[in-house]
Amino acid sequence: MTGQRTGRGSGITAKWHTFTGLPSGLKALIGLSFVVALGSYMVTPFIGVLMVEAVGLDIRVAGVLVAVATFVQFGGSILGGPVVDRLGLKRTMVLALTLRTVGLVLFGLAVKVPWVAYPAVVLVAAGPALYLPANKAYIVTSVSDTLRPLFLGVSSAALNAGMGLGPLLAALLVDADPVLLLIGLAGLFALITAAHQAALKPVERRPAQAPAPAGAAPGQQGRKAALRSALRPILFTSLAFYVYFFFQSFMGLYATGVGNIQVLGWVMLLNCAMVVVLQPVWADRIARADYRLLVASSFALMALGTAAMSLGSVPALLAGTALFTLGEIFLFLRCDLELVDRVPGNPAFAFGVQRLTAGIGGLLAGVVGGFLFAHYQAAGDPDAFWLAVAAQAAGAALLAALLGAGRRTAAQPPAEPEQAVAATR
């Protein structure tokens, strides 16, 4: 089996040799992850606009549908584990992509038949709810624990590259013919679905290290025990997404006031580019770093970044985004690794929990951020919004310094120096 550590060090060349030694199915999945994110983010940021301008829905109805879609997309991922238990990782991804393909077709039809927009939005959101936990679980299951940080970082880079380029491409097309865009994307996702079916090999779950208590149902009791051990990582994951969604959800409104819509494009491009370039390179160091120090420092970087944004100039926005993104790079990868470590043998469930916490954090950030942004805008001081965000990020850093705990070594399987990639079946 190829894909072993070759002794060439941990530089970029060694990582490239490791990647080229992976099974073809896993390499295909990483490449397809970019295409999935690219196609998804050609429509996701524009759902509200399409429902109002193309479908003709009332803006309040469209707002409710966007909220429902966000909850389904993130909160629905908690179902990823049970679905994977029944269908397996590959079939779950194929099902998820099929749901999104059908949803996009219905979205295109909704321009002529508006009520079809309701099931369309749910299906479009249900696709990533099932796909992303299964996607990450496939990677975790297919590589050794030694390579887990690297390839979760590579996967995140592929997804962020697609997220960065997708809106830029869609912006060129959405005003021309939204129906053509939606049907074209449905065709793209049909091809992506077929590619997953053809390129991926089924993989079996690696056994958990700790057996369930005697006389207990292994699935339910094991998950409850694992979640109890993972309460602190779940808390910090929720806080991470809470802070992140202030940036994700309100930067557009703020940036257009500072400059124009092009400023938002540069800010988001910088954010995605830094994640794409730096997270895979630093993945091993992020995995080895002291948990308490890394989490507290990450929130501190987010606090410094949002404080810099409050200065109100374009250079300050870009500098603040760079600091904020550094915290994001460290924090999100380590949160993924902690949850997988503390829910052994069931990565799809672990990533489903992670996505659920993202949904909760995003929902709270949307509610709190909406009131805060409206308050400071009405007061004529929108810059102060970012100071309020910085104060909350600083509070999260203090909480992490007080409550953060190192990774539990008992939850980590032994290292596999002889074989870096688990055999695919």
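Predicted model: local features only at pLDDT ≥ 70, side-chain atom pairs only at ≥ 80, totals over all residues.
User: How many helices and strands does the chain have?
Analyst: Both are DSSP runs numbered from the N terminus: helices are H or I with at least four residues, strands are E with at least two. By that definition the chain has zero strands and 16 helices.

User: What percentage of the 425 residues count as buried?
Analyst: Buried means under 20% relative accessible area, exposed over 50%, and partly exposed in between, with a 1.4 Å probe and protein chains only. For the 425 residues of the chain, the buried share is 51%.

User: Which residues of H5 are buried, and on how wide an arc do they lie?
Analyst: Helix H5 spans residues 80-87, and Gly80, Gly81, Val83 and Val84 are buried there. The arc is taken from the directions from the helix axis to the C-beta atoms. These residues lie on the same side of H5 because they cover an arc of only 165°.

User: What parts of the chain does the pair of Phe247 and Phe324 tie together?
Analyst: Rings of Phe, Tyr and Trp (its six-membered ring) pair if their centres lie within 6.5 Å; planes under 30 degrees apart count as stacked, over 60 as edge-to-face and the rest as tilted. Phe247 and Phe324 are stacked, at 4.9 Å centre to centre with 25° between the planes. Phe247 is buried at 0% relative accessible area, and Phe324 is buried at 0% too. The two residues are 77 residues apart in sequence, so the pair ties together helix H11 (residues 231-258) and helix H14 (residues 314-342).

User: Which residues does Leu317 touch, not counting residues up to four places away in sequence?
Analyst: Leu317 is in helix H14 and is buried, with a relative accessible area of 0%. Its C-alpha atom is separated by 9.5 Å from that of Met251, 66 residues apart along the chain. With contact meaning heavy atoms within 4.5 Å, and residues up to four places away left out, Leu317 touches Met251, Tyr254, Ala255, Val258, Val263, Val267 and Met309.

User: How many residues of each class are in the contact of H15 with H16?
Analyst: The axes of H15 (residues 347-378) and H16 (residues 384-403) come within 9 Å and cross at roughly 145°; axes are lines fitted to C-alpha atoms, for helices over the stretch in contact, and angles run from 0 to 180 degrees between N-to-C directions. Val368, Gly369, Leu372, Phe373 and Tyr376 in H15 meet Ala384, Phe385, Ala388 and Gln392 in H16. Ala, Val, Leu, Ile, Met, Phe, Trp, Tyr, Cys and Pro count as nonpolar, Asp, Glu, Lys and Arg as charged, and the others, Gly among them, as polar. By class, the contact has no charged, two polar and seven nonpolar residues.

User: How many disulfides are counted?
Analyst: A disulfide is a pair of cysteine sulfur atoms within 2.5 Å. Cys272 is buried at 8% relative accessible area, and Cys335 is buried at 2%. The count of disulfides is zero.

Conventions: Residues numbered from 1 in each chain as written. Heavy atoms only, no water.
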